[in-house]
Amino acid sequence: MRAFGVAICACIIAFVLIIMARGTNPYAQDLMNTFALPSSEHLLGTDYLGRDIAARAARGTLNSVLYAAASVLGSMTLGTFLGISGAWAGGRTESVLLATTDFIMAFPGLLFALFVGGLFKLGAWPIVMSLILTAWAEYCRMSRAIARIVMARPYVEAGVICGYPSSFLIRKYIFPEIVAQIATLASFGMAKSILYISSLNFVGIGLTPPVPELGAMISESLPYIRRHPFIVVPPSALMSLFVFALILIASKTEKRSDKFESERLF
Amino acid sequence: MKKVVGILGKSILRGLGIAFCVSGLCFAVAHLIPGDVALEIAMTRYGESDVGIIDRADRVREEEGLSLPLAVQYLDWIGKVARLDFGISLIDKTPTLPVVLRALKFSALLGVVALGFSLCVALPVGIVVGLRPRGKFYLVTAMLSSLIVSIPSFVWGISLIVLFALKLKWLPVAGFLSPTYVILPAATIALTLSATSSRIIAVSLAETINSPYYAFARHKGLSELWTLFFHGLRNASVPVVTCIGMQAASLFGGTIAIETLFNWPGVGLLFLNAVTSRDIPVLQTAGIAMGLICVAVNTTVDLLCLVLKPTARLERLG
């Protein structure tokens, strides 16, 4: 399953690289040549402004992945750091942290991102920021729970008695236990971020128009869907395959304890 | 009983907290954003290329009290909300509460139909698959549901529109004029909902069937149906109820792309329009309403779980 997911990812990356290497300009318009069929010049045809769909889809995938990766990296770092520190500090700090995550997880992340991204009108970075601010809670809960379990083990206690500094204990004893679980969460988080970012771009919130993004490409081609239904296929297919691959990669490392994480995508 | 009171108390606190945070957040962000709010409102109200737009912006500033200090504006607003006066929309000057309630009604209609469709598919599929955890269908449906979830809901919506509205012409494309208009958006939402809930049903049923008490009930001679109905379903239903509750909460505002695509006058579309036109009072009212709905759904789920699972009554209140 996992190999299959990696294979799909590799195919998508290869596609993006090949198209980018061809050097077709994703912004170049050719109004005499709109809705062209696939040809050697335009591998997937052209859109309503005569722009090369393949080049735009490749650049769009790159953009989606970039922003999704940024949001996942941010929330993962923040969440893991806070989770481990919370577990290590214990007491009131920990319960305040838990209450905060509880609150944030009840908060609709997509609406928050829409709110922030729509009001700031500064491209995709406000959306990334707001996704980080809502998504860190999951990583925090997970890493805190694991850190608690590890901290109760005798060898950690022995480490404390030996007088090792806490940074050393956390790095050598606690962190390695967390990595696998966080990787699973991150893979799902990446899938979710890609879907969120492109949904927001689909409704017109996010990247500014000429910049290609998969969700925006789909919504741009909607008015022409009656005559040319197939121009929505390349961006939709790329996005769906990528998300599918990420879910496959994540499901392999899935353990009993977080069996339901995969079902929580929506 | 003590537990019920605890859950209710906690949810009231949480509701107040959410209302407070949402309103504060709306307020803070509205005044942090680059650009002049009064100018934006004037542009939405009177058109972008109006000549006297600067004067009109000044008039908007006076009318809406936007030149007062922030703290005064915020306290003023809180005081009004306490008297259930949610203010009037900055754009079309109608009271926000009826607008939001109307949108909520449409979202609820769409959500109920979508959940109904979804359960019609998910319950039979989930139960049939979950009863045979080692069967072929278990893996096949797992893959299938991952695949369905991977395809963004708006792409499903476009495909359904192309197929059923444009090619076959069975159903209307978008908007809301008669009850048939609800079918396509609801079916689109139901597709992704049923993919996840059928999985949850299958997994939790499979887990129940594999548990020792279930095997014991079978070994003491109870029939398969009796065991399933009187021993299995109740235990298996706890995660299912939680999942469906989460789905129900997400339908209020979480389906912006679908509501935009089908031009459905629900709360997601209202929120989107309010964001793009910077209509802060509408945003605040809608935000509070959605937060409260979220809390209400979570509370209902907590209480239902208490009824379904006796051991939950013993757990410490988190």
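From the N terminus on, chain A runs α-α-α-α-α-α-α-α-α. That is nine helices and zero strands. Helices here are DSSP runs of H or I with at least four residues, strands are E runs of at least two, and both are numbered from the N terminus.

Some ground rules. This is a predicted model, where local features need pLDDT of at least 70 and side-chain atom pairs count only at pLDDT 80 or more, while totals for chains, interfaces and linings use all residues. Residues are numbered from 1 along each chain as its sequence is written, chains are lettered from A and ligands numbered from 1 in the order in which they are written, and side-chain values use heavy atoms, with hydrogens and water left out.

Back to chain A. Of its 266 residues, 52% count as buried. Buried means under 20% relative accessible area, exposed means over 50%, and partly exposed is in between, with a 1.4 Å probe and protein chains only.

Now, salt bridges. Side chains of opposite charge can pair when their charged atoms come close. The cut-off is a side-chain nitrogen of Lys or Arg within 4 Å of a carboxyl oxygen of Asp or Glu. How many salt bridges are there over all chains? Four.

Take E94(A) and R144(A). Their closest N and O atoms are 2.4 Å apart. E94(A) lies in helix 3 (residues 91–105) of chain A and R144(A) in helix 5 (residues 125–151) of chain A, so this pair ties together parts that are 50 residues apart in sequence. Both E94(A) and R144(A) are buried.

Next, E138(A) and K192(A). Their side chains meet in a salt bridge at 3.1 Å, N to O. E138(A) sits in helix 5 of chain A and K192(A) in helix 7 of chain A, so the pair ties together parts that are 54 residues apart in sequence. E138(A) is partly exposed, at 22% relative accessible area.

Then R153(A) with E177(A). Here the closest N and O atoms are 3.3 Å apart. R153(A) lies in the loop between helix 5 and helix 6 (154–162) of chain A, and E177(A) in helix 7 of chain A, so parts 24 residues apart in sequence are tied together. R153(A) is partly exposed, at 28% relative accessibility. E177(A) also counts as partly exposed, at 34%. There is a network, too: salt bridges that share partners join E94(A), R144(A) and R148(A).

On to aromatic rings. Rings of Phe, Tyr and Trp (its six-membered ring) pair if their centres lie within 6.5 Å; planes under 30 degrees apart are stacked, over 60 edge-to-face, and the rest tilted. The whole structure holds eight aromatic pairs over all chains. One of them is F202(A) with F154(B), stacked, at 4.2 Å centre to centre and 15 degrees between the planes. This pair crosses between chains, from helix 7 (residues 166–202) of chain A to helix 7 (residues 153–167) of chain B. Both F202(A) and F154(B) are buried.

Another pair is F106(B) with W264(B). The ring centres are 5.8 Å apart and the planes at 85 degrees, so the pair is edge-to-face. F106(B) is in helix 5 (residues 96–131) of chain B, and W264(B) is in the loop between helix 11 (256–261) and helix 12 (267–276) of chain B, so parts 158 residues apart in sequence are tied together. F106(B) is buried, at 13% relative accessible area. W264(B) is buried as well, at 0% relative accessibility.

Staying in chain B, look at I7(B) in helix 1. I7(B) is buried, at 8% relative accessibility. Its C-alpha atom is 7.0 Å from that of T299(B), 292 residues apart along the chain.

Last, the cavities. On a 1 Å grid over the protein atoms alone, a cavity is a set of points where a 1.4 Å probe fits but cannot get out, and lining residues have an atom within 4 Å of a point. Two cavities of 30 Å³ or more turn up. Which residues lie nearest the centre of the largest cavity? Of its 16 lining residues, they are F107(A), L111(A), V22(B), F271(B) and G287(B). Helix 4 (109–120) of chain A gives two or more residues to that lining, together with helix 1 (2–32) and helix 13 (280–308) of chain B. Helix 13 of chain B gives the most, with five residues.

Methods
1 Å grid on protein atoms, 1.4 Å probe; cavity = no way out; pocket = protein on both sides within 12 Å on 5 of 7 lines; lining within 4 Å. Points joined across faces, edges and corners; volume = space filled by probe spheres on them.
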